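Subject: Handing over the structure, with notes

Dear colleague,

I am passing this structure on to you, together with some notes to read beside it. Please look it over before going through what follows.

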Amino acid sequence: MTRTELVAQIRQKKSYLTVGLDTDITKIPPHLQSHPDAVFTFNKAIIDATLEYCVSYKINTAFYESQGLKGWEALEKTVHYIPSTHFKIADAKRGDIGNTSSQYAKTFFEVLPFDAVTVAPYMGEDSVRPFLEYDNKWTIVLGLTSNAGSLDFQKLSLASSEKMLYEQVLEKTVSWGTPNNLMFVVGATRASDLQHIRTIIPDHFLLVPGVGFQGGSLEEVSQYGLNKDCGLLVNASRAIIFASSKENFAEEAATIAATYAAEMKQYLEV
Ligand SMILES: O=c1ccn([C@@H]2O[C@H](COP(=O)(O)O)[C@@H](O)[C@H]2O)c(=O)[nH]1
């Protein structure tokens, strides 16, 4: 999906919501647990119910890889089920020597029809470059993540420049791609840093996880992160998909997604 198409979807829906399909098999409703294709059945119901409120789905590969072959099959079925109107993110946090990154890129962009994959920048340009070589595909580099441990390294100042590591990552990485093929992860729990981050990367889209269970504020993220093209994809996973464990789980998920979307509509209209 191109940037123009993504922005058009956001404008049409008046939403920049990403629904995170972190489908932990132990948390899916009891009535589905014995289903032979439980994960895909759950995902299909969530997708059908939330489609109108979001512009994107993020599949965190960990929840599928941990289930072996069956999990990977569920991932494949899920990504194929998501309609082409919706931006498909593989949250896989890959990145290795170039020769190996090429195989990761092939997995998510050729074998599977993802639009974007999250990549850890720690190994440098040659580890990210293979993902950027695909037309109309996106590389989402970890910028400033939402977890407490992000302070361990990402906010350390580098003696050589006095800049924090994450600032250096943003400044350096931005030259490897363009606002048409490169995004950055910034955690919603780091909303107070967003104003500064927007001075470094004013135009790029940001994937923002951390609202809902991690306590990030959609209002603050929107206040400091929105740009002229919206420029945000805000993800919520558990708060939406596990809103209820009853038989009406998909309806409850839709209700939460609709609430986020309604709030986003207000911020887009300002
Ligand atoms: O900085 C980051 C990067 C990725 N994530 C991922 O986003 C979702 C968040 O799930 P919630 O249930 O909405 O908390 C999950 O897949 C994380 O691995 C992140 O949280 N922070």
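To begin with the terms for the strands, helices and strands are DSSP runs numbered from the N terminus, a helix (H or I) having at least four residues and a strand (E) at least two, and two strands are said to pair if DSSP finds at least two bridges between them. This is a predicted model, in which local features need pLDDT of at least 70 and side-chain atom pairs count only at pLDDT 80 or more, while totals for chains, interfaces and linings use all residues. Residues are numbered from 1 along each chain as its sequence is written.

The record comes next. UniProt, in an unreviewed entry, lists residues 16–253 as "domain: Orotidine 5'-phosphate decarboxylase"; positions there are given in the numbering used here, feature names are shortened, and annotations may be inferred rather than shown by experiment. In the model, that span is 39% helix and 18% strand, and its end C-alpha atoms lie 16 Å apart.

Now the strands. Strand β2 (residues 56–60) runs parallel to β3 (residues 87–94), joined to it by 5 bridges, and K58 has I89 in β3 as its bridge partner. From β3, 3 bridges lead on to strand β4 (residues 116–119), again in parallel, with A90 standing opposite V117 of β4. V117 also stands opposite T139 in β5, and β4 and β5 pair in the parallel sense over 4 bridges. Elsewhere, strand β1 (residues 17–20) and β8 run parallel and are joined by 3 bridges, where L17 has V234 in β8 as its bridge partner. Strand β7 (residues 205–209) pairs with β8 in the parallel sense too, over 4 bridges, and there P209 is partnered by N235 of β8.

How covered are these strands? Here a residue is buried if 20 or more other C-beta atoms lie within 10 Å of its own, exposed if 12 or fewer, and partly exposed in between, the C-beta atoms being placed from the backbone. By that count β3 is mostly covered, with 7 of its 8 residues buried, and β5 is mostly covered as well, with 7 of its 7. In β8, 5 of the 5 residues are buried, so this strand is largely enclosed by the rest of the structure.

β8 (232–236) and α12 (238–241) each supply at least two residues of the shell. The shell holds 19 residues, of which T145, S146, P209, S237 and R238 come nearest; a residue is near a molecule if its C-beta atom, placed from the backbone, lies within 6 Å of it. The shell divides into 5 nonpolar, 11 polar and 3 charged residues, where Ala, Val, Leu, Ile, Met, Phe, Trp, Tyr, Cys and Pro count as nonpolar, Asp, Glu, Lys and Arg as charged, and the others, Gly among them, as polar.

Turning to the helices, α9 (residues 165–173) has Y166, E167, V169, L170 and T173 buried. Seen down the axis of α9, these buried residues fall within an arc of 160° (taken over the directions from the helix axis to the C-beta atoms), so they line one face of the helix. They pack against β5 (138–144), β6 (182–186) and α10 (194–200), contact between two residues meaning that their C-beta atoms, placed from the backbone, lie within 7 Å.

T78 lies in helix α5 (residues 68–81) and is buried, with 22 other C-beta atoms within 10 Å. Not counting residues up to four places away in sequence, T78 touches L21, F40, N43 and I59. E247, by contrast, lies in the loop between α12 and α13 (249–269) and counts as exposed, with 11 C-beta neighbours inside 10 Å. Leaving aside neighbours within four places in sequence, E247 is in contact with P29 and H31, and its C-alpha atom is separated by 8.7 Å from that of L32, 215 residues apart along the chain.

Finally, a point on the backbone. Most residues other than glycine have a negative phi. K93, in strand β3, has a positive phi near 50°, and N136, in the loop between α7 (125–132) and β5, has a positive phi of about 55°.

With best wishes
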